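Good morning, and thank you for coming.

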Amino acid sequence: MVRRAYIAGNWKMHKTLSEARTLAEDIIERLTSATAEGPRVGLFPRTPCVAHVVATVKESNQALDVGAQNMHWEESGAFPGETSAAM
């Protein structure tokens, strides 16, 4: 089994929705020539941008991972500022 490198970008609290989509498009464009032997790439935008980045990646048919930067373990409740997996 060959191990592949993994490159992940955590966007912290940067990028508006449109900027996040543009950044995802730019990354996808640069990875077009990537091969299956190249590193796996993961994009981790801030929570409000996740759905937009997921849609951008799906439209591209690129094999990129998209995830949230953090997630609260409870499904719902009085947790100001938190986001659950269900959300």
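I begin with the two helices: α1 and α2 lie roughly parallel to each other, because angles under 35 degrees count as roughly parallel and theirs is about 30 degrees. Please keep in mind throughout that this is a predicted model.

Two packed helices are described by the angle between their axes and the distance between the axes. Here α1 covers residues 17–31 and α2 covers residues 50–60, and their axes are 9 Å apart. The crossing of α1 past α2 is right-handed. On the α1 side, the contact is made by Leu17, Ala20, Arg21, Ala24, Glu25 and Ile28. On the α2 side, the contributors are His52, Val53, Ala55, Thr56, Val57, Glu59 and Ser60. Sorted by class, this contact of α1 with α2 comprises seven nonpolar, three polar and three charged residues.

The protein contains two helices and three strands. Read from the N terminus, its elements follow the order β-α-β-α-β.

Taking the pairs in turn, β1 and β2 run parallel and are joined by five bridges, with β2 spanning residues 40–44. Within that pair, tyrosine 6 is opposite arginine 40 of β2. Two bridges link β2 to β3, and these strands also run parallel. There, leucine 43 has valine 66 of β3 as its bridge partner.

I turn next to the backbone in the loops. Most residues other than glycine have a negative phi. Which residues here have a positive phi without being glycine? One of them is lysine 12, with phi near 50 degrees. Lysine 12 sits in the loop between β1 and α1. With a relative accessibility of 51%, lysine 12 counts as exposed, since the cut-off for exposed is over 50%.

Another is asparagine 61, whose phi is near 60 degrees. Asparagine 61 belongs to the loop between α2 and β3. Its relative accessible area is 70%, so asparagine 61 is exposed as well.

The segment after β3 also deserves a moment, and threonine 83 is found there. Is threonine 83 buried, exposed or partly exposed? Its relative accessibility is 21%, and threonine 83 therefore counts as partly exposed; the limit for buried is under 20%. Leaving aside residues up to four places away in sequence, threonine 83 touches Thr47, Met71 and His72. Between the C-alpha atoms of threonine 83 and glycine 67 the distance is 13 Å, and the two residues are 16 apart in sequence.

I close with the protein as a whole. It has 87 residues, of which 22% count as buried. Along the principal axes, its C-alpha atoms fill a box of roughly 45 × 35 × 20 Å. Among contacts between residues at least 6 apart in sequence, 61% join residues at least 24 apart.

Thank you for your attention.

Conventions. Residues are numbered from 1 along each chain as its sequence is written. This is a predicted model: local features need pLDDT of at least 70, side-chain atom pairs count only at pLDDT 80 or more; totals for chains, interfaces and linings use all residues. Side-chain values use heavy atoms; hydrogens and water are left out. Two strands pair if DSSP finds at least two bridges between them. Helices (H or I, at least four residues) and strands (E, at least two) are DSSP runs, numbered from the N terminus. Buried means under 20% relative accessible area, exposed over 50%, partly exposed in between (1.4 Å probe, protein chains only). Contact means heavy atoms within 4.5 Å. Axes are lines fitted to C-alpha atoms, for helices over the stretch in contact, and angles run from 0 to 180 degrees between N-to-C directions. Angles under 35 degrees count as roughly parallel, over 145 as roughly antiparallel, 65 to 115 as roughly perpendicular and the rest as oblique. A crossing is left-handed if the near helix is turned anticlockwise from the far one by less than a right angle, and right-handed if clockwise. Ala, Val, Leu, Ile, Met, Phe, Trp, Tyr, Cys and Pro count as nonpolar, Asp, Glu, Lys and Arg as charged, and the others, Gly among them, as polar.
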